[in-house]
Amino acid sequence: MAKRSSSSGAWLKEHFDDHYVKRSQKEGYRSRACYKLLEIQEKDRLIKPGMCVVDLGCAPGGWSQVAAELVGDRGRVLASDILPMDTLAGVEFIQGDFTEESVFNELLAALGDQRADLVISDMAPNMSGVKDVDQPRSMYLCELALDMAAHVLRPGGDFVTKIFQGEGFEAYFRDMRSRFDKVITRKPAASRPRSREVYLLGRGLKA
């Protein structure tokens, strides 16, 4: 059997990616990232009707869209991103830079006395392609998301974050294990195989 050329391999990868892009367009989802959360949901049943969900780094709104559908009319989705996002039914949106304290406080104020059942984060920095620059930026966002989760989750609440394997990953994993009853790693099929991204799920915030 002839060895597949690198160009045909690249074509196959592109074809695989297109599957999710086409599917999202056909099914009315805002992004291919929707299928990452949907696959996690299928395995782990994180989102239930009536829940309060906080979505960090939400634009263009794929994860918020999935969350809003799953929590239903009795639930609540509070979302934030530095980029603008078109209005989504059932989603409250706060635009601003999550690394700034003012935006952090705005999210806390919007929640009020309500505690979140789940915090989800698909945040990633603008990638430069330089690993030594991108990895610390990415880890910083992960740390902020975990800090937010610790502030707003009810005891027993759950947390999902995108994280890139590399410098700081093991220490972050240990930090999550100290805060949650269980920590699970997921690599959804919609996540590009060559990407270092995985998702960490913290189940059951310790009181």
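A: A pocket here is an open set of grid points where a 1.4 Å probe fits, with protein on both sides within 12 Å along at least five of seven lines. The model is predicted. In its largest pocket lies about 650 Å³ of space. Of the 28 lining residues, Gly57, Asp81, Leu83, Met123 and Ala124 are the closest to the centre.

Q: What makes a residue part of the lining, and which helix and strand each supply at least two?
A: A lining residue has an atom within 4 Å of a point of the pocket. Helix H3 (62–71) and strand E2 (76–81) each supply at least two such residues.

Q: How does the lining of the largest pocket divide by residue class?
A: There are 13 nonpolar, eight polar and seven charged residues in the lining. Gly counts as polar, so Gly57, which lines the pocket, belongs with the polar residues.

Q: Why is strand E5 called mostly covered?
A: Buried means under 20% relative accessible area. Nine of the 12 residues of E5 (residues 153–164) are buried, so the strand is mostly covered.

Q: How do you know that E5 pairs with E4 and with E7?
A: Pairing needs at least two bridges. E4 (residues 116–121) and E5 share five, in the parallel sense, with Val119 opposite Phe159. E5 and E7 (residues 197–205) share six, in the antiparallel sense, with Phe164 opposite Glu197.

Note on methods: Residues are numbered from 1 along each chain as its sequence is written. This is a predicted model: local features need pLDDT of at least 70, side-chain atom pairs count only at pLDDT 80 or more; totals for chains, interfaces and linings use all residues. Side-chain values use heavy atoms; hydrogens and water are left out. Buried means under 20% relative accessible area, exposed over 50%, partly exposed in between (1.4 Å probe, protein chains only). Helices (H or I, at least four residues) and strands (E, at least two) are DSSP runs, numbered from the N terminus. On a 1 Å grid over the protein atoms alone, a cavity is a set of points where a 1.4 Å probe fits but cannot get out, and a pocket is an open set with protein on both sides within 12 Å along at least five of seven lines; lining residues have an atom within 4 Å of a point. Grid points are joined across faces, edges and corners, and a volume is the space filled by probe spheres set on the points.
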